[in-house]
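Work through these exercises with the structure open. Try each task before reading its solution.

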Amino acid sequence: MGYKNVCLNCKRVENLGTDFNKFKTRKCPISETDMIFVNQKFRPPKKTDKKGWQLAAFLIHHGFVFQRITDENQAYLSYPKSMEEAKLFVEKYKHKVKK
Ligand SMILES: [Zn+2]
């Protein structure tokens, strides 16, 4: 297990490793906005991939920080790949995440 901090402004990701004591959010040293603590399963899009980051930001803002989410049959859900899918996904599973 490892976690990451992400800055959605700068599209930067910091790897936090596996030491739980280091798991804390902090301000981005570049934009000075709060970084967001996300699961290791987050695969950051390329910096030039605007749509990819738009999608990631949309999910993260709705509490989907790439943690594992299961459906009603306890099967792991895969995260959406497009905004259209993401909107349906958030609507359907928003009760699964705590804000
Ligand atoms: Zn930043």
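**Exercise 1.** In which loop does F66 lie?

Solution. F66 lies in the loop between α1 and α2. Helices here are DSSP runs of H or I with at least four residues, and strands are runs of E with at least two, numbered from the N terminus. This is a predicted model: local features need pLDDT of at least 70, side-chain atom pairs count only at pLDDT 80 or more, and totals for chains, interfaces and linings use all residues. Residues are numbered from 1 along each chain as its sequence is written, and side-chain values use heavy atoms, with hydrogens and water left out.

**Exercise 2.** Describe the backbone and burial of F66.

Solution. Start with the rule: most residues other than glycine have a negative phi. F66 is not a glycine, yet its phi is positive, about 70°. Next, burial. F66 has a relative accessible area of 10%, so it is buried (under 20%; exposed is over 50%, partly exposed in between; 1.4 Å probe, protein chains only).

**Exercise 3.** Is E32 buried or exposed?

Solution. First locate E32: it is in the loop between β2 (12-17) and β3 (36-39). Its phi is positive too, near 60°. Its relative accessibility is 59%, so E32 counts as exposed.

**Exercise 4.** Which residues does D71 contact, leaving aside its neighbours within four places in sequence?

Solution. D71 sits in the loop between α1 (50-61) and α2 (83-93). Its contacts (heavy atoms within 4.5 Å) are L77, Y93 and K96.
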